[in-house]
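Please consult the sequence and structure shown below alongside the text.

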Amino acid sequence: MAFLGLDNAGKTSIITGITQKFGFEEEVMQLLPTRRIDRETFSFLGLEFVRMDFGGQEQYREQYLKNPGKYLAGTDLIFYVIDVQDPDRHIESIDYLDEVLLFFKEIKQSPPIAVLFHKFDPDIRNDKEINQKTLTLKQALTRYSNDFDIFFFETTIYDLKSIMDAFSNGLSLLFSKLELVSQLFQEISKNYDALLIALFDSKGITIGEYYKPHLQIDEKMKIYDAYLETQKRIIAENRSMYEFSDTFKNGKRFSGVIEVLTFGNLDFYLLFIVEENEENLGQTIEILDKIEAAKPEMENIIYQIIQ
Ligand SMILES: Nc1nc2c(ncn2[C@@H]2O[C@H](COP(=O)(O)OP(=O)(O)O)[C@@H](O)[C@H]2O)c(=O)[nH]1
Ligand SMILES: [Mg+2]
């Protein structure tokens, strides 16, 4: 799996964000430019992956493109990062992607490509010009879709969920069975009034997820933050289940339960979120019952995925 893009696009920051879920912003500010390629291995669903951060300075780009067989061949998944706040370099960025994809076409490989429109910070999310430029980029990129599966994401280090979503969705392209998880959650959510049901691996990568369509982006962020906080506690206290509740910006409260599912040496975290109902204090117990009811099917699917 390769992270590619121009220098300064934010590749190393994204990887740092994925790797260290907590307080990574400070660290990112002191990053030095990546020289050539940083390799790191990690495992997901029991399989080993090599994550490669390709330094994006011109001299390195030339080097990869001169000998792409050495650097790029065999890549199973590409994350291509574009800085939306630097439109002066968009053409340069597209040219680079062009050359990379030309190489893959020549060797008849077609790894899926997740394009990350990065630095889509909360304060510019509604910026007309940036949105327009991003749209133009997307239109330019669709010409690759005959030869490659290409997916778009908008990310920023100020919203870790946006980065984890892009990464999880990218990875899920390599595991066709992951769809089953989200499908199951959708089924379950019909029977129970859940705001969100999600399954994460121990690193916070989403295996599957369902949420009510009306759930706002800041509500999702809030839930994810609460989830990360709780997951930390679960690990610190060596628990197998944890209940928590918190408040959205609009004052509404939500309750959550996390249950740890263990398969061999792999831990998974099942998250169930419902809106809190003050008149019904027995609700948490009901959620627990629902999770219990859904567990056998859940476990069955995880078995299929990690085989
Ligand atoms: N505003 C903003 N700055 C970012 C974001 N991600 C990274 N940066 C900054 O962009 C610069 C380049 O990041 P870096 O990860 O080194 O880019 P790389 O060369 O692609 O690896 C650094 O100063 C980061 O702090 C983001 O989402 N928003
Ligand atoms: Mg870098």
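## Pairing of β5 and β6

Strand β5 (residues 113–118) runs parallel to β6, and five bridges join the two. Helices (H or I, at least four residues) and strands (E, at least two) are DSSP runs numbered from the N terminus, and two strands pair if DSSP finds at least two bridges between them. Ala114 stands opposite Phe151 in β6.

This is a predicted model, in which local features need pLDDT of at least 70 and side-chain atom pairs count only at pLDDT 80 or more, while totals for chains, interfaces and linings use all residues. Residues are numbered from 1 along each chain as its sequence is written, and chains are lettered from A and ligands numbered from 1 in the order in which they are written.

β5 and β6 belong to an open sheet of six strands with mixed pairing, in the order β2-β3-β1-β4-β5-β6. Its edge strands, β2 (37–44) and β6 (150–154), each pair on one side only. From one strand to the next, the twist averages 25°.

Helix α7 (residues 160–172) lies across β2, β4 (78–83), β5 and β6, and runs at about 165° to β6. Axes are lines fitted to C-alpha atoms, for helices over the stretch in contact, and angles run from 0 to 180 degrees between N-to-C directions.

## Nonpolar cores

A nonpolar core is a set of buried Ala, Val, Leu, Ile, Met, Phe, Trp, Tyr and Cys residues joined through C-beta atoms within 7 Å. A residue is buried if 20 or more other C-beta atoms lie within 10 Å of its own, exposed if 12 or fewer, and partly exposed in between, with C-beta atoms placed from the backbone.

The largest core has 37 residues, of which Phe3, Tyr80, Val81, Ile82, Val115 and Leu116 touch the most other members. The largest share of this core, six residues, comes from α7. Val115 touches Tyr80, Ile82, Leu141, Ile150, Phe151 and Phe152, residues up to four places away in sequence not being counted; contact requires C-beta atoms, placed from the backbone, within 7 Å. A second, separate core of 28 residues includes Val181, Leu199, Phe200 and Tyr224.

## The whole chain

The protein chain has ten helices and eleven strands. Its radius of gyration, taken over C-alpha atoms, is 20 Å, close to the 19 Å that the globule rule gives for 307 residues, so the chain is as compact as a globular protein of that length. The globule rule is 2.2 Å times the number of residues to the power 0.38.

Buried residues make up 31% of the 307 residues.

Methods:
Two residues are in contact if their C-beta atoms, placed from the backbone, lie within 7 Å.
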